[in-house]
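Please find below a colleague's note on the structure shown here. The points are numbered so that each may be checked against the coordinates in turn.

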Amino acid sequence: MPETADIARLFDKRPRQWGSPADPVAWNAVRDRVCAAAPPATATEFAVLLRDEFALVAGVELDDPDAVPELSFVVEGTSEAVHLPTWRTILLPLLTTRARQLYGEIPTERP
């Protein structure tokens with residue numbers, strides 16, 4: 001089973017593009033919450049933990065198509081909300097794929 005440091009490394013390589021200026025702030029907050037929890041035993045458990053912690057950070061359930069993030073972050077002097085479509089289609093799937101690689105469910109990419 002992976003250690004907390006292994007889980008933290010899933011967040012190390014940040015995406016090149018974000019949907020909102022608040023997304024990197026949320027990324028860090030989700031990472032901190034996920035790493036504070038006991039390491040999940042499987043990639044599926046990681047995916048559930050990841051979605052749960054994102055919902056707590058953003059104040060919304062991702063499966064709600066009408067969701068509007070309750071939590072905004074102040075970024076460079078303006079209040080910004082996370083971009084839910086980016087989290088649904090890019091960021092959470094990216095982290096889930098990395099977890100599946102970590103847990104040995106799919107082969108890792110070669111540089």
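1. Overall arrangement. The model is a predicted one. The protein has 4 helices and 2 strands, and from the N terminus on these elements follow the order α-α-α-β-β-α.

2. Surface and burial. Of the 111 residues of the protein, 38% count as buried. The accessible surface comes to about 6,600 Å², and carbon and sulfur atoms contribute 52% of that surface. Among contacts in the protein with a separation of 6 or more, 61% are between residues 24 or more positions apart.

3. In soluble globular proteins, nonpolar side chains tend to be buried together. The largest nonpolar core of this model has 27 residues, of which Phe46 and Trp87 touch the most other members. The elements that give two or more residues to this core are α2, α3 and α4 (84–102). Helix α3 supplies the largest share, with 7 residues.

4. Contacts of Phe46. Which residues does phenylalanine 46 touch, not counting those up to four places away in sequence? They are Ile7, Leu10, Val34, Pro40, Leu95, Ala99 and Tyr103. Phe46 itself is among the buried residues of α3.

5. Helix α3. This helix has 16 residues and reaches 22 Å from its first C-alpha to its last, close to the 22 Å expected at 1.5 Å a residue. Its buried residues are Ala43, Phe46, Ala47, Leu49, Leu50, Glu53, Phe54, Ala55, Val57 and Ala58. An α-helix has 3.6 residues a turn, so residues three or four places apart point the same way. Just after α3, glycine 59 takes a positive phi of about 75 degrees.

6. The aromatic cluster. Phe11, Trp18, Trp27, Phe54 and Trp87 form one aromatic cluster. The count of aromatic pairs in the model comes to 4. In one of them, the rings of phenylalanine 11 and tryptophan 27 have their centres 5.5 Å apart and their planes at 75 degrees, so the pair is edge-to-face. Phenylalanine 11 lies in the loop between α1 (4–9) and α2, whereas tryptophan 27 lies in helix α2, so this pair ties together parts that are 16 residues apart in sequence. Both phenylalanine 11 and tryptophan 27 are buried. The rings of tryptophan 18 and tryptophan 27 also pair: their centres are 5.4 Å apart and their planes stand at 80 degrees, so this pair too is edge-to-face. Tryptophan 27 is buried, with a relative accessible area of 0%, whereas tryptophan 18 is partly exposed at 22%.

7. Side chains of opposite charge can pair when their charged atoms come close. The count of salt bridges in the model comes to 5. One of them joins the side chains of arginine 33 and glutamate 53 at 2.5 Å, N to O. Arginine 33 lies in helix α2 (residues 23–36) and glutamate 53 in helix α3 (residues 43–58), so the pair ties together parts that are 20 residues apart in sequence.

8. The side chains of aspartate 32 and arginine 31 meet at 3.1 Å, N to O. Aspartate 32 is partly exposed, with a relative accessible area of 45%, and arginine 31 is partly exposed at 25%. The side chains of glutamate 105 and arginine 100 form another salt bridge, at 3.6 Å, N to O. Glutamate 105 counts as partly exposed at 41% relative accessibility, and arginine 100 is partly exposed at 33%.

9. Alanine 38. Where does alanine 38 lie? Its place is in the loop between α2 and α3. Alanine 38 is exposed, with a relative accessible area of 61%, because the cut-off for this class is over 50%.

Conventions. Residues numbered from 1 in each chain as written. Predicted model: local features only at pLDDT ≥ 70, side-chain atom pairs only at ≥ 80, totals over all residues. Heavy atoms only, no water. Salt bridge = Lys/Arg side-chain N within 4 Å of Asp/Glu carboxyl O. Buried < 20%, exposed > 50% of the residue type's maximum accessible area, 1.4 Å probe, protein only. Contact = heavy atoms within 4.5 Å. Areas by Shrake-Rupley, 256 points an atom, 1.4 Å probe, with all protein chains shown as cover. Phe/Tyr/Trp six-rings, centres within 6.5 Å; stacked < 30°, edge-to-face > 60°. Expected span 1.5 Å × (residues − 1). Core = buried A, V, L, I, M, F, W, Y, C linked by side-chain atoms within 4.5 Å.
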